[in-house]
Amino acid sequence: MRRLKTESPKTRSPKAKSPKNRSAKTPRPRTPSPKTRRKKTLTGLDRARAATEAASDKQASDIILLDLRPTCDFTDYFVICSADSSPQVEAIADGVAQAMSDADARLHHKEGASDSGWMLLDFSDVVVHIFSPEARRLYQLDKVWAEAKTIVRIQ
């Protein structure tokens, strides 16, 4: 005698409900990869302000941000500031370099040393001068670039 097979209704297994087992037809939400995400591009003025704020955070004195675009062809902005000691010159330079790195600016050139009383950091469109009070009186960049527009002055 033959036995008849009875078919039971098919039910979904618990695995079929899991979000891990999506079918190929279900599109996955796309998140942009780090390479395709757009970075906010900063202007030269934004970077110059970042350098000014970094110098201020390191207790620099007599900070001036000058707009040199109408009068100069090798840079757009000067940040000029004073420091009371060699360690402070170094601290300001390190703080400015870090802030500019965070603002996606690359240090092209560095001149001077903390013990010389003057240090220059060249970021192409922003040049930062850090002076001891004596060196600042000697070079008088404020007067040399008197034609430039003063954007920020912190005393």
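User: Is Arg 69 buried or exposed, or in between?
Analyst: In between: this is a predicted model, and in it Arg 69 has a relative accessible area of 48%, so the residue counts as partly exposed.

User: What does Arg 69 pair with?
Analyst: Asp 67. The two form a salt bridge, with the closest N and O atoms 2.8 Å apart.

User: And Asp 67, buried or exposed?
Analyst: Buried. Asp 67 has a relative accessibility of 8%, and the cut-off for buried is under 20%.

User: How many salt bridges does the structure hold?
Analyst: There are 5. One of them links Arg 153 to Asp 62, where the closest N and O atoms are 3.3 Å apart.

User: Where do Arg 153 and Asp 62 lie?
Analyst: Arg 153 is in strand β6 (residues 149-154) and Asp 62 is in strand β1 (residues 61-67), so this pair ties together parts that are 91 residues apart in sequence.

User: What about accessibility for Arg 153 and Asp 62?
Analyst: Arg 153 comes out at 45% relative accessibility, which is partly exposed. Asp 62 is at 22% and also counts as partly exposed.

User: OK, what does Asp 142 meet in a salt bridge?
Analyst: The side chain of Arg 136, at 3.0 Å from N to O. Arg 136 is buried, with 8% relative accessible area, whereas Asp 142 is partly exposed at 26%.

User: Switching topic: where is Thr 43?
Analyst: Thr 43 sits in the loop between α1 and α2 (44-57). With a relative accessible area of 44%, Thr 43 is partly exposed.

User: How far apart are the C-alpha atoms of Thr 43 and Asp 125?
Analyst: They are separated by 9.4 Å, while the two residues are 82 residues apart along the chain.

User: Last thing, confidence. What pLDDT does the chain average?
Analyst: The average is 84, and 74% of the residues score at least 70.

User: Where is confidence lowest, and where is it highest?
Analyst: Lowest is helix α1 (residues 14-17), with a mean of 54. Highest is strand β5 (residues 126-131), at 97.

How values were computed
Residues are numbered from 1 along each chain as its sequence is written. This is a predicted model: local features need pLDDT of at least 70, side-chain atom pairs count only at pLDDT 80 or more; totals for chains, interfaces and linings use all residues. Side-chain values use heavy atoms; hydrogens and water are left out. pLDDT is the predictor's confidence in each residue, from 0 to 100. Helices (H or I, at least four residues) and strands (E, at least two) are DSSP runs, numbered from the N terminus. A salt bridge is a side-chain nitrogen of Lys or Arg within 4 Å of a carboxyl oxygen of Asp or Glu. Buried means under 20% relative accessible area, exposed over 50%, partly exposed in between (1.4 Å probe, protein chains only).
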